[in-house]
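Reader: I would like the terms in this description set against their cut-offs. Please take them one at a time.

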Amino acid sequence: MIPNRDDLVEALTYLCEVGVDLTVMPAGPFDWHLTLTPQEAIDYMTDPDGVVARHLGISIGELNTWRETNGTYLCHAITHQGKRCRRVIPGTYFLIYDPAHNPAKWAAFERLGHCCTQHGGRRNGGAS
Ligand SMILES: [Zn+2]
């Protein structure tokens with residue numbers, strides 16, 4: 001018999017109270033982990049990306065882009081072809097290899113809209 005959700009939450013809450021961590025290692029370009037609440041741990045079984053995104057305060061789209069770009073920060077300028085430039089932002093090496101690097105930190109910087117050197121390093125892009 002599968003225990004119901006309330007019983008699972010109660011059991012996991014008890015484990016957490018005695019010092020057990022509910023830690024997961026979501027997919028990503030780096031080894032990283034998250035410690036979940038009992039409720040999140042249960043939801044993680046059926047919706048891991050949704051739990052990770054909600055836990056970090058980012059969208060699933062941001063989480064996926066972080067994975068697709070291997071955590072790099074790409075230029076926000078729009079090229080003549082109408083596509084995003086996608087060159088790496090110079091000077092972000094230290095951010096990428098920060099041991100605490102995770103999609104939330106990536107998204108916070110990404111939202112600033114920086115551009116590559118060719119596109120002036122300006123914020124919020126611009127036409128090339
Ligand atoms: Zn650019």
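Author: Helices (H or I, at least four residues) and strands (E, at least two) are DSSP runs, numbered from the N terminus. In those terms, Cys85 lies in the loop between α4 and α5 (93–96). The model is a predicted one, in which local features need pLDDT of at least 70, side-chain atom pairs count only at pLDDT 80 or more, and totals for chains, interfaces and linings use all residues. Residues are numbered from 1 along each chain as its sequence is written.

Reader: What makes Cys85 count as partly exposed?

Author: A residue is buried if 20 or more other C-beta atoms lie within 10 Å of its own, exposed if 12 or fewer, and partly exposed in between, with C-beta atoms placed from the backbone. Cys85 has 18 C-beta neighbours inside 10 Å, and therefore counts as partly exposed. Its C-alpha atom is separated by 9.8 Å from that of Gln118, 33 residues apart along the chain.

Reader: Why is Leu36 called buried?

Author: Leu36 has 20 other C-beta atoms within 10 Å, so Leu36 is buried. Leu36 is placed in the loop between β2 and α2. Contact requires C-beta atoms, placed from the backbone, within 7 Å. Leaving aside residues up to four places away in sequence, Leu36 touches Leu22, Val24, Ala41, Tyr44, Val51 and His55. The C-alpha atoms of Leu36 and Val51 are 8.8 Å apart.

Reader: What makes up the largest nonpolar core?

Author: A nonpolar core is a set of buried Ala, Val, Leu, Ile, Met, Phe, Trp, Tyr and Cys residues joined through C-beta atoms within 7 Å. The largest has 9 residues: Leu36, Val51, Val52, Ala53, Leu56, Ile58, Leu63, Trp66 and Trp106. Both α3 and α4 supply at least two residues of this core, and α3 gives the most, with 4 residues. A second, separate core of 6 residues includes Tyr73, Ile89, Cys115 and Cys116.

Reader: Which elements cover the buried residues of α3?

Author: The buried residues of α3 are Val51, Val52, Ala53 and Leu56. Their cover includes β2 (34–35), α2 (38–44), α4 and α6. Just after α3, Gly57 has a positive phi of about 75°.

Reader: How do you know that the buried residues of α6 line one face of the helix?

Author: In α6 (residues 103–110), Pro103, Trp106 and Glu110 are buried. Seen down the axis of α6, these buried residues fall within an arc of 60°, so they line one face; the arc is that of the directions from the helix axis to the C-beta atoms. They pack against α3 (48–56) and α4 (60–68).

Reader: Why are α4 and α6 called roughly perpendicular?

Author: Axes are lines fitted to C-alpha atoms, for helices over the stretch in contact, and angles run from 0 to 180 degrees between N-to-C directions. Angles under 35 degrees count as roughly parallel, over 145 as roughly antiparallel, 65 to 115 as roughly perpendicular and the rest as oblique. α4 and α6 pack at about 100°, their axes 10 Å apart, and are therefore roughly perpendicular to each other. Glu62, Leu63 and Trp66 in α4 meet Pro103, Trp106 and Ala107 in α6.

Reader: What makes the chain more spread out than a compact globule?

Author: The chain has 6 helices and 2 strands. Its radius of gyration (taken over C-alpha atoms) is set against the globule rule, 2.2 Å times the number of residues to the power 0.38. The radius is 19 Å, well over the 14 Å that the rule gives for 128 residues, so the chain is more spread out than a compact globule.

Terms used
Contact = placed C-beta atoms within 7 Å.
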